[in-house]
Amino acid sequence: KDGKTYATTEEGDKKEIVISPSDAQDIVKENIKTEEIKEIKVKEYNNNIVYEVQVVKEVEILGLIKSKMDIKANVDVKEGKIIDIKKPWWAFLATGD
């Protein structure tokens, strides 16, 4: 009706989607320092609507073994802030480019 996009949480709360999926991807790429986007989707997270952006980052484990790390970042659809980043358990052993 008003030209805005909304998503509804499981509790029935209506949340406005302000930033675009493309903007969410750019925010994550800049923060995580990667160019490889695997997937982006809209989902509910702690009663908020977020973009879940899955990326792949080239890393070295213990500075010796090259590998790819799958990372998920949740970006608030209204403010464009990353509110959570999930990395594999072995991320503390890895260094990025």
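Reply: A patch joins residues with over 30% relative accessible area and no salt bridge: like charges within 9 Å, nonpolar side chains (Val, Leu, Ile, Met, Phe, Trp, Tyr) within 5 Å. Areas come from the Shrake-Rupley method with a 1.4 Å probe, and for residues only the protein chains shown count as cover. A salt bridge puts a side-chain nitrogen of Lys or Arg within 4 Å of a carboxyl oxygen of Asp or Glu.
This is a predicted model: local features need pLDDT of at least 70, side-chain atom pairs pLDDT 80 or more, while totals for chains, interfaces and linings use all residues. Numbering starts from 1 along each chain as its sequence is written, and side-chain values use heavy atoms, without hydrogens and water.

Me: Which residues form a nonpolar patch on the surface?

Reply: The patch has about 360 Å² of accessible area together. Its members are Leu62, Leu64 and Ile65.

Me: Is Leu64 buried or exposed?

Reply: Buried means under 20% relative accessible area, exposed over 50%, partly exposed in between (1.4 Å probe, protein chains only). Leu64 has 70% relative accessibility, so Leu64 is exposed.

Me: Where is Leu64?

Reply: Strands (E, at least two residues) and helices (H or I, at least four) are DSSP runs, numbered from the N terminus. Leu64 lies in the loop between β4 (48–61) and β5 (65–76).

Me: Which residue in β6 stands opposite Val75?

Reply: Strands pair if DSSP finds at least two bridges between them. β5 and β6 (residues 82–86) pair in the antiparallel sense over four bridges. Opposite Val75 stands Ile82.
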